[in-house]
2 protein chains.
Amino acid sequence: MTFKLDNSLGYLLNRTNTRMKNNLLHHLRDYDVTPEQWAVLNRLWEKEVISPKELAELTSKDLPTIVRILSKLEKKGFITRKINPEDSRAYLIFLTIEGRELQGKLTPLALEALIKQQGGLIKNKSRSLR
Amino acid sequence: MTFKLDNSLGYLLNRTNTRMKNNLLHHLRDYDVTPEQWAVLNRLWEKEVISPKELAELTSKDLPTIVRILSKLEKKGFITRKINPEDSRAYLIFLTIEGRELQGKLTPLALEALIKQQGGLIKNKSRSLR
DNA sequence: GTAATATAATTGCCATGACAACTAAAATTT
DNA sequence: AAATTTTAGTTGTCATGGCAATTATATTAC
């Protein structure tokens, strides 16, 4: 059976995803926030007090990945964590004022990224991703 | 303006892509080949003698990424490289016999991965990726 | 109530992937 | 033909992401 990479769903999906993520990365660059960090922030803007475990489930990432993203967000001063008084294994994640303020700044940039990339996402296989 | 992550194209695309890649990773595990290495091998199965630069364009990855993938494929004995006699900056990539034999082994596994994941790719936001 | 098990978080290793800086070798300018 | 610019490849840094192993704490079994 023949298999043509160029026509495969996985290949097209992967390339499109890479381009969209990269596009978003550049739009968020001024605030030093990556697409993944932005996704985590989105969850926090929806529901503030939450555990890393819950965040992992909501973002479909594993716990180590989330923990590392949270460390970076904490270092940048966008979130804080406290031990959950009802379960000392677990943490509770809170937004800082700066983290809360980011929503108004980043959302327009993310929407701009979306609009700019309408059309031309999948076409043109040899275009650079950069 | 409201923005709901769960409904956004980028989010759904990213999650679907991650799942498909992971699924493929598991199907190819027996041969110690990652989805990205598999993509590069596919290009070589289509067109044998090729430069890293060309491979980078064909796979929509940048040169450093391709170079590192090629190093791994070389270490595993699936490819070799020779300096291009017409341009001593450039390399030519060749498949080894083992690398050529992989096509018959990996393609059925990749197709199996594709078939197994039809349905259920996007639904169910909280399912683990593992 | 203690032992066994399960769970939340952390840490380490490896593989992409973006990107900057660098080297060496063309190709182009003048 | 010498100087400039471009190009192919390499290396280093940082951020995911998969996964295994470890730690500390809860939960369950007995």
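Helices here (H or I, at least four residues) are DSSP runs, as are strands (E, at least two), numbered from the N terminus. This is a predicted model, where local features need pLDDT of at least 70, side-chain atom pairs count only at pLDDT 80 or more, and totals for chains, interfaces and linings use all residues. Residues are numbered from 1 along each chain as its sequence is written, while chains are lettered from A and ligands numbered from 1 in the order in which they are written.

**Around DNA strand C**
- DNA strand C is surrounded by 28 residues, and the closest are A:Lys53, A:Pro64, A:Ala90, B:Glu36 and B:Pro64; a residue is near a strand or molecule if its C-beta atom, placed from the backbone, lies within 6 Å of it.
- H4(B) brings the largest share of that surface, with five residues.
- Sorted by class, the surface near DNA strand C has ten nonpolar, eight polar and ten charged residues (Ala, Val, Leu, Ile, Met, Phe, Trp, Tyr, Cys and Pro count as nonpolar, Asp, Glu, Lys and Arg as charged, and the others, Gly among them, as polar).

**Around DNA strand D**
- For DNA strand D, 28 residues do the surrounding, and A:Pro64, A:Ser88, B:Lys53, B:Pro64 and B:Ala90 are the closest.
- Here H2 (35-46) and H4 (63-75) of chain A join H1 (9-28), H3 (52-59) and H4 (63-75) of chain B, each supplying at least two residues.
- The largest share, five residues, comes from H4(A).

**How chains A and B meet**
- Chain A lands on chain B with a rotation of 180° and 0.0 Å of shift along the axis (RMSD 0.0 Å), so the two copies are related as by a two-fold rotation axis. The superposition is by least squares on the C-alpha atoms of residues with pLDDT of at least 70 in both.
- 25 residues of chain A are in contact with 25 residues of chain B, contact being C-beta atoms, placed from the backbone, within 7 Å.
- On the chain A side, H1 (9-28), H2 and H5 (97-116) each give two or more residues, and H1(A) has the largest share with eleven.
- That side of chain A divides into eleven nonpolar, nine polar and five charged residues.
- The copies meet through the same surface, because 100% of the interface residues of chain A are also interface residues in chain B.

**Helix packing in chain B**
- H2 (35-46) and H5 (97-116) of chain B pack at about 120°, with axes 10 Å apart; axes are lines fitted to C-alpha atoms, for helices over the stretch in contact, and angles run from 0 to 180 degrees between N-to-C directions.
- That makes H2(B) oblique to H5(B) (under 35 degrees is roughly parallel, over 145 roughly antiparallel, 65 to 115 roughly perpendicular, and the rest oblique).
- Residues making this contact include B:Trp38 and B:Trp45 of H2(B) and B:Leu102 and B:Ala110 of H5(B), and by class it has seven nonpolar, two polar and no charged residues.
- H1(B) and H5(B) pack at about 140°, axes 9 Å apart, which makes H1(B) oblique to H5(B).
- Among the residues in that contact are B:His27 of H1(B) and B:Lys116 of H5(B).

Key:
Two residues are in contact if their C-beta atoms, placed from the backbone, lie within 7 Å.
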